[in-house]
Amino acid sequence: MEQLPHRHRQWMDLALAEARSALATGDVPIGAVVVGPEGEVLGTGRNEREASGDPTAHAEVVAIRDAAARLGRWRLDDCTLVVTLEPCAMCAGAIVLARVPRVVFGAWDEKAGASGSVFDILREPRLNHWVEVFPEVRRDEAAALLTRFFAERRGGVSSND
Ligand SMILES: [Zn+2]
């Protein structure tokens, strides 16, 4: 499969669109897509923790479940996962369990990232699965979505505080 940077950028467009759609339910805007060997989109997901009341409903987990259901198999070893934010420990674990060989992400998560910042589960030599990681693809756009979301939440009237 062709792995040129411009394809990563195109796929990130889809993940960014998923992230934006999370705003409708007040969810932190993070989006993901699972792309197949021919570049076809097999799964999509957005963070829907608020929408579904599910603490594990992160964009990557939702997209992986979507792709696995479509393919009828748990092993996604010919797929690429594209996500707007560096995967956390849970999502990196799900990526390893699904045998995803390649991850493309946008912004770093310096507080909870598990794909190269705080932890690096995707390239942990003690695990039996190694993931190729392409960070900082359209990083500024992915980060700006999050920055704006949290700034508006801090600045706006909040019933949660
Ligand atoms: Zn996660």
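1. Glu-60 touches Ala-32, Leu-81, Val-83, Leu-85, Pro-87, Cys-88 and Cys-91, once residues up to four places away in sequence are set aside. The model is a predicted one, and in it Glu-60 has its place in helix 3, which runs over residues 59-71. With a relative accessibility of 4%, Glu-60 counts as buried, because the cut-off for a buried residue is under 20%. The residue also carries a label from a record: the UniProt annotation "active site", from an unreviewed entry, covers Glu-60.

2. The zinc ion is coordinated by His-58 through ND1, by Cys-88 through SG and by Cys-91 through SG, at 2.1 to 2.4 Å. Along the chain these donors follow the spacing H-x29-C-x2-C.

3. As a general point, an α-helix has 3.6 residues a turn, so residues three or four places apart point the same way.

4. What follows helix 4 in the chain? Helix 4 is followed by Arg-99, whose phi is positive, near 60 degrees. Arg-99 is not a glycine, although its phi is positive, and it lies in the loop between helix 4 (89-97) and strand 4. At 23% relative accessibility, Arg-99 counts as partly exposed.

5. Another arginine deserves a look beside that one. Arg-138 has a phi near 50 degrees, again a positive value in a residue other than glycine, and Arg-138 is found in the loop between strand 5 and helix 5. Whereas Arg-99 counts as partly exposed at 23%, Arg-138 is buried, with a relative accessible area of 15%.

6. Helix 1, covering residues 5-22, has 18 residues and reaches 26 Å from its first C-alpha to its last, which is close to the 26 Å expected at 1.5 Å a residue. Its buried residues are Arg-7, His-8, Trp-11, Met-12, Ala-15, Leu-16, Ala-19 and Ala-22. What covers these buried residues? The cover includes strand 1 (31-35), strand 2 (41-46), strand 3 (80-85), strand 4 (102-107) and strand 5 (132-134), together with helix 5 (139-155).

7. Strand 1, part of the cover of helix 1, holds Val-34. Val-34 is buried, with a relative accessible area of 1%. Leaving aside its neighbours within four places in sequence, Val-34 is in contact with Glu-40, Val-41, Leu-42, Gly-43, Ala-63, Ile-64, Ala-67, Cys-79, Thr-80 and Leu-81. Val-34 and Val-62 are 28 residues apart in sequence, and their C-alpha atoms are 10.0 Å apart in space.

8. Taken as a whole, the secondary structure of the protein comes to 5 helices and 5 strands, and along the sequence these follow the pattern α-β-β-α-α-β-α-β-β-α. The radius of gyration is 15 Å, close to the 15 Å that the globule rule gives for 161 residues, so the protein is as compact as a globular protein of that length. Along its principal axes the C-alpha trace spans about 45 × 30 × 30 Å.

9. Of the 161 residues, 45% count as buried, and the accessible surface comes to about 8,200 Å², of which 52% belongs to carbon and sulfur atoms. Among the contacts with a separation of 6 or more, 57% are accounted for by residues 24 or more positions apart.

10. Which residues does the record assign to a domain? UniProt, in an unreviewed entry, lists residues 6-118 for "domain: CMP/dCMP-type deaminase". In the model, the end C-alpha atoms of residues 6-118 lie 28 Å apart, and this span is 38% helix and 20% strand.

How values were computed: Residues are numbered from 1 along each chain as its sequence is written. This is a predicted model: local features need pLDDT of at least 70, side-chain atom pairs count only at pLDDT 80 or more; totals for chains, interfaces and linings use all residues. Side-chain values use heavy atoms; hydrogens and water are left out. Donors are N, O and S atoms within 2.8 Å of the metal (3.2 Å for Na, K and Ca); water is not among the atoms, so sites may look incomplete. Helices (H or I, at least four residues) and strands (E, at least two) are DSSP runs, numbered from the N terminus. The expected span of a helix is 1.5 Å times one less than its number of residues. Buried means under 20% relative accessible area, exposed over 50%, partly exposed in between (1.4 Å probe, protein chains only). Contact means heavy atoms within 4.5 Å. UniProt positions are given in the numbering used here, feature names are shortened, and annotations may be inferred rather than shown by experiment. The radius of gyration is taken over C-alpha atoms; the globule rule is 2.2 Å times the number of residues to the power 0.38. Accessible areas come from the Shrake-Rupley method with a 1.4 Å probe; for residues, only the protein chains shown count as cover.
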